[in-house]
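Dear colleague,

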Amino acid sequence: GWEKLTTMVTVKAFAPGFFEGCKWIKTNTPPDSLLLSLYGHPTAYNCDRAQQWETPDKAEILLTNDERAYDRLKAHGFDYVMVQNFAISQEPYGQYYPLAFVQYLSSSTHYQKVYDNSQTYGSSGISLYKVL
């Protein structure tokens, strides 16, 4: 019991920006929202929202950075893209958000950044983009 408690304290302290972001998501997004999010189980549990990361066309979503990505997100019914800042990478690995994809989300008119706590939490913060 005690070992698990001390471990959980460490986990809770690991990414306060993630937990604060999830609190905001629970309060400010519809309960039936679907999030594209890496680290699905912590996202689903802490944000109390459905999430998905593995889709057959994930590479097309994360690597095209154009209308095809948007069309795929809409086809799957995603309402938001949740970006955990610590998982942004210069390289296009499958378990990271490619930097070019995050830049695409920020610059495209198909998305609206509705939440960002990186000013406060830096690399442990998150950004949330609404899929319009």
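In which sense do S6 and strand S7 pair, and over how many bridges? Strand S7 (residues 126–131) and S6 are paired in the antiparallel sense, over five bridges, where two strands pair if DSSP finds at least two bridges between them, and where strands (E, at least two residues) and helices (H or I, at least four) are DSSP runs numbered from the N terminus. Within S7, valine 131 stands opposite tyrosine 111.

Please keep in mind that this is a predicted model, in which local features need pLDDT of at least 70 and side-chain atom pairs count only at pLDDT 80 or more, while totals for chains, interfaces and linings use all residues. Residues are numbered from 1 along each chain as its sequence is written, and side-chain values use heavy atoms, with hydrogens and water left out.

Five strands form an open sheet with mixed pairing, in the order S2-S1-S3-S7-S6. Strand S2 (50–52) and strand S6 (111–116) each have a single partner strand and stand at the edges, so one side of each is left without a neighbour in the sheet.

Helix H6 (residues 99–107) lies across strand S1 (34–37), strand S3 (80–84), S6 and S7, contact meaning heavy atoms within 4.5 Å.

As for the other helices, Phe18, Phe19, Cys22, Ile25 and Lys26 in H2 meet Pro42, Thr43, Asn46 and Cys47 in H3.

With kind regards

Key. Axes fitted to C-alpha atoms, helices over the stretch in contact; angles between N-to-C directions.
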